[in-house]
Amino acid sequence: MGKTLAEKILGAHVGREVKPGEIVVVKTDLVYAQDGTGPLAARRVQEMGFEKVFNPSKTIFFLDHAAPSPRFELSNDHNFLRGFAEKTGCRISEVGNGISHQVVAENDVRPGDVVIGADSHTCTGGALGAFATGVGSTDAAVAMAIGKIWLRVPETLQVVVTGKLPTGVFGKDIILHLIGKIGASGATYKALEFVGDTIEHLDMAGRMTIANMAVEAGAKVGLFPSDAITRKWLNQMGRLGDFKPLASDSDALYEKTIEINAETLNPTIACPHQVDNTRTIEEIGEVRVDQVYLGTSCNGRLEDLQIAAKILKGKKVHPRTRMIVTPGSRSVYLEALKDGTMQVLIEAGAMALPAGCGACVGLHEGVLGDGEVCLATQPRNFQGRMGSPNSFIYLGSPAVAAATAIEGKIADPRKYL
Amino acid sequence: MKGRVWKFGDAISTDHIIPGRYFYLRSNLPELAKHIFEYERPGFSERVTPGDVIVAGQNFGQGSSREHAAIVIKMNGIQAVIAKSFARIFYRNCFNNGLPAVICDTERFREGDEIELFLDEGKIIHYPRSETISFVSIPPVMKRILEDGGLVEHVKKYKDLRLDF
């Protein structure tokens, strides 16, 4: 019987065939936590009586949410993690280095890996064909301590995307459309697996945006095949040796197949306060925007900044609107500086902040006030997430973000492309 | 143990349970716990009594992986969370911290109802309606973690994961 990607990867880690519904204990290839979940994970490692971590070179703590720290309590957390890393020999990714999911995609995640992260958007690694899934601090701590995690082998929902993406429509619109269609719990406990000719041609940035938001449909993982696009990305990262092709079998058994015709898609927006509350740009009406936030683990890649710069080149951010740009990592930041992308954005009136994701969780660097409206490229828009419980978060692509910044209201990017 | 119902609707996220703006209190759990459901249900932490039960609709605990959401529920003395469905990371986090998460149809529960939970028997007694409601049995892996007193205790006991079923 053919296997899905999830069944193949988990089976390879257990050393036998696995079936959906089974509980398996698997070896982990990479485990990480961030500065919000990391302190608890590190304490749990200590509580369990471990002085060392199982695989220090594949255990990482990211200082990315409170980066640089806006409060002394968080500075203390950072110092605790630095001390823990020093004692155990594990890695620390310093303030300014970037968002965990982006940095591990650049440096660590390999096709076929099992990746565990104490952050719900760990599923971003599925773009590289890794079984990458988010857990809480304790599950991550166990993976750090003994190099293992228990998982339920998920059933897989196959998402077949076909046709050429229209101008102004991106990976973000595919995943927002899908979540609008199946709902915020439409894939709970399941694996999503993305295939079809649209996916075959979609670049790694687009794949990572889609994989990142798999959890917004409740999914455990959002898996892509490892193919020519994966090979190209790993080569760009100087890790061609990490490439191996990986695909599900043609006779794999799926719980369900969902078909999406990319040619019919429009720029899509998730409206407050739920990710599955989606509308197309034509249906959105007049929504004045106080803040545009371009970045996060979902859309903080070079391609995301480039498309925004293409739209904003020679134009100005609306005087009533603030535009914040946070590159996903230091290397994205550097690339965007080198190729002039950042200059275009700053000249247009945007402000650039260090690589990190503090505004997405309402921590700092763009906290919303009462009644304020934000159009963000982040993956989530729950009430009060970015600050005041009386603020409103709309989610859209980087192109929508740029068009919105120009007009000061949610705008269709297609007229600028 | 008998407890009173605190009734919530669908799609309660971990941001509703404990917002990201309290990130700085995550290493000060007693202080963090006071902010539970602060906007959703003002005064919750003052009014809740040990043994109370959270009862909710679909997809309870969606969103962020912050285990602090499950921890502050437990720290406020809640004996169990009952919902129509749970988001998966939150579901794991509950059991890892020794907090039972029970799946059943929650339509008939009302705020303040007195109920009693019998985990082993898979039933809930609903006193106002004099009804016994059975719930979806807790998976063996979760039962094992619960019996061991949470995942930390499990690993302390075995120095390994003994959870193949």
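User: Hi! How many of the ten residues of helix H1 (residues 5-14) of chain A are buried?
Analyst: Seven of the ten are buried, so helix H1 of chain A is largely enclosed by the rest of the structure. Here a residue is buried with 20 or more other C-beta atoms within 10 Å of its own, exposed with 12 or fewer, and partly exposed in between, the C-beta atoms being placed from the backbone. This is a predicted model, in which local features need pLDDT of at least 70 and side-chain atom pairs count only at pLDDT 80 or more, while totals for chains, interfaces and linings use all residues. Residues are numbered from 1 along each chain as its sequence is written, and chains are lettered from A and ligands numbered from 1 in the order in which they are written.

User: Which residues of H1(A) are the buried ones?
Analyst: They are Leu5(A), Ala6(A), Glu7(A), Lys8(A), Ile9(A), Leu10(A) and His13(A). Just after H1(A) comes Gly15(A), with a positive phi of about 85°.

User: And what sits around Gly112(A)?
Analyst: Beyond its neighbours within four places in sequence, Gly112(A) is in contact with Ile9(A), Ala12(A), Gly129(A), Ala130(A), Lys244(A) and Leu246(A). Contact means C-beta atoms, placed from the backbone, within 7 Å. Gly112(A) belongs to the loop between helix H4 (100-107) and strand S5 (114-118) of chain A, and it is buried, with 20 other C-beta atoms within 10 Å.

User: Let's switch to H3(A). What is its span?
Analyst: Helix H3 (residues 72-88) of chain A has 17 residues and reaches 24 Å from first C-alpha to last, close to the 24 Å expected. That expectation is 1.5 Å times one less than the number of residues.

User: Which of its residues are buried, and where on H3(A) do they sit?
Analyst: Leu74(A), Asp77(A), His78(A), Leu81(A), Phe84(A), Ala85(A) and Thr88(A) are buried in H3(A). They cover an arc of only 120° around the axis, which puts them on the same side of H3(A); the arc is that of the directions from the helix axis to the C-beta atoms. An α-helix has 3.6 residues a turn, so residues three or four places apart point the same way.

User: What's on the face turned away, and what covers the buried side?
Analyst: The face turned away carries the exposed residues Phe72(A), Asn79(A), Gly83(A) and Glu86(A). Cover for the buried residues of H3(A) includes helix H2 (38-47), strand S3 (59-62) and strand S4 (91-93) of chain A. Helices (H or I, at least four residues) and strands (E, at least two) are DSSP runs, numbered from the N terminus.

User: Zooming out, what domains does chain A have?
Analyst: The assignment gives domain 1 (7-261) and domain 2 (268-416); such bounds come from an automatic or database domain assignment. Their C-alpha centres lie 24 Å apart, and 34 residues of domain 1 are in contact with 34 residues of domain 2. H6(A) gives the most to the domain 1 side, with six residues.

User: Last one: how does chain B touch chain A?
Analyst: 37 residues of chain B are in contact with 47 residues of chain A. On the chain B side, helix H1 (14-17), helix H5 (88-96) and helix H7 (151-158) each give two or more residues. H5(B) has the largest share, five residues.

Terms used
Contact = placed C-beta atoms within 7 Å.
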